[in-house]
Amino acid sequence: MPKSSKNAEAAVPQNSLLAAIHPITKFGNDSYRLIQRCTKPSMKEFKKIALATTVGFLVMGFIGFFVKLIHIPINNIIVGS
């Protein structure tokens, strides 16, 4: 398989050692590229994300509470303790 200049990353080397190292180096390069593109969120964006996370935690907590609230009497009826 000839290597082209466009698909140099897509071609996997045939040497077993290089074939084992290639995914690790590709992951490292991709990770470095990702970190370079990341930006620090603005205060407005951070507050929006924090509010959405808080609402999510509260909703999941209330769902868990009500499921437990309904489960306890049903369990007592079934078990009959």
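At 44% relative accessibility, does Arg33 count as buried, partly exposed or exposed? Arg33 counts as partly exposed. Buried means under 20% relative accessible area, exposed over 50%, and partly exposed in between (1.4 Å probe, protein chains only).

This is a predicted model, in which local features need pLDDT of at least 70 and side-chain atom pairs count only at pLDDT 80 or more, while totals for chains, interfaces and linings use all residues. Residues are numbered from 1 along each chain as its sequence is written, and side-chain values use heavy atoms, with hydrogens and water left out.

**Salt bridges**

The structure holds two salt bridges (a side-chain nitrogen of Lys or Arg within 4 Å of a carboxyl oxygen of Asp or Glu).

| Asp30 and Lys26 | 3.3 Å | four residues |

Salt bridges that share partners join Lys26, Asp30 and Arg33 into one network. Helix H1 covers residues 16-37; helices are DSSP runs (H or I, at least four residues), numbered from the N terminus. Asp30 is partly exposed at 30%. Lys26 is partly exposed too, at 32%.

**Nonpolar patch**

A nonpolar surface patch includes Leu58, Phe62, Phe65 and Ile78, and its members together have about 950 Å² of accessible area. Patch residues have over 30% relative accessible area and no salt bridge; like charges are joined within 9 Å, nonpolar side chains (Val, Leu, Ile, Met, Phe, Trp, Tyr) within 5 Å. Areas come from the Shrake-Rupley method with a 1.4 Å probe; for residues, only the protein chains shown count as cover. Ile78 sits in helix H2 (residues 43-79). Ile78 is exposed, at 66% relative accessible area.

Note on methods. Helix = DSSP H or I, 4+ residues; strand = E, 2+ residues; numbered from the N terminus.
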